[in-house]
Amino acid sequence: MARHKGRGWHGRLLAAGLGVTVVAAAASVWTAQADTTGGRQPQAPVAAPAVRPVAAEIAHASDHGPRGVNITIDDGPDPVWTPQVLRLLKDSGVKATFCMVGTQAQAYPDLVKAVVADGHRLCDHTVSHDTAMDAQSEAYQSQQILDAERMITKASGGVKPQYYRAPGGAFTPYSRQLAASRGMRPLGWNVDSKDFERPGADAMVATVKREIANGPTVLFHDAGGDRSQTVAALREVLPWLEQQGYTFGFPVR
């Protein structure tokens, strides 16, 4: 699994993205409403929505089986490029998984909602895309993962991320277990299109064609700079994959 070098464009988001996360667990909250006449009874308990833990192993496989392909889109949403990617995916009849940075989701909630409305899935990509996550304390990892989960869920209107992808693949046993306990399957990739380096659309397409036999999960980006090459590469790659007999699914959970 390749790692992108450095913190890149997300470095400047780190200070803004750091918040205070308090991790608390409570079975239920009782609310008693009393009046001076004694005519009101205590209200029923209000329980938090149940979270179903998932496997903590890093997922690569597709829920469409051995001929399935998972298109994953990282680092957005972005007001310029996410709408273009969404339009292309819709025209191609393809569903994808969007791994969102918490501060980006917070800044562009309408785009998060648009992703959900089009039937795509959400993935937690931390608050500030720190690729040195695996060298940080557990408290820091927890803040980055849980604050991003909260930001994305709020921006989406209540739809939770189903996956967690560590920036640059910087997973730790702790971060995988934490994400899995929150119902977010750790998500890897098999094919890195290298679009972050902007090598040209033709080079990206060639990479996907050459490496798709390595596994089904393909990595692209919709933020972090000019993504016109990514859009052009997707426009060619998606029909090619279909012509080869692949179908488009989601990563296993």
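How many salt bridges does the structure hold? There are seven, a salt bridge being a side-chain nitrogen of Lys or Arg within 4 Å of a carboxyl oxygen of Asp or Glu. The views come from a predicted model, in which local features need pLDDT of at least 70 and side-chain atom pairs count only at pLDDT 80 or more, while totals for chains, interfaces and linings use all residues. Residues are numbered from 1 along each chain as its sequence is written, and side-chain values use heavy atoms, with hydrogens and water left out.

**View 1. Arg165 and Asp74 form a salt bridge.** Here the closest N and O atoms are 2.8 Å apart. Arg165 sits in the loop between strand 4 (163-164) and helix 6 (173-181) and Asp74 in strand 1 (residues 68-74), so the pair ties together parts that are 91 residues apart in sequence. Helices (H or I, at least four residues) and strands (E, at least two) are DSSP runs, numbered from the N terminus. Both partners, Arg165 and Asp74, are buried; buried means under 20% relative accessible area, exposed over 50%, and partly exposed in between (1.4 Å probe, protein chains only).

**View 2. Arg150 pairs with Asp147 in a salt bridge.** Look for closest N and O atoms 3.8 Å apart. The two residues, Arg150 and Asp147, are three apart in helix 5 (residues 138-156), and so about one helical turn separates them. Asp147 is buried, with a relative accessible area of 2%, whereas Arg150 is partly exposed at 45% relative accessibility.

**View 3. Glu149, Lys160 and Arg182 are linked in a network of salt bridges.** Between Glu149 and Arg182, the closest N and O atoms are 3.1 Å apart. This pair links distant parts of the chain, 33 residues apart: Glu149 is in helix 5, and Arg182 is in the loop between helix 6 and strand 5 (185-186). Glu149 counts as buried at 5% relative accessibility, and Arg182 as partly exposed at 29%.

**View 4. Ile71, Phe98 and Leu241 touch the most other members of the largest nonpolar core, which has 35 residues.** A nonpolar core is a set of buried Ala, Val, Leu, Ile, Met, Phe, Trp, Tyr and Cys residues joined through side-chain atoms within 4.5 Å. Helix 8 (228-243) is among the elements that give two or more residues to this core, and helix 8 gives the most, with seven residues. Leu241 touches Val69, Ile71, Ile212, Tyr246 and Phe248, not counting residues up to four places away in sequence; contact means heavy atoms within 4.5 Å.
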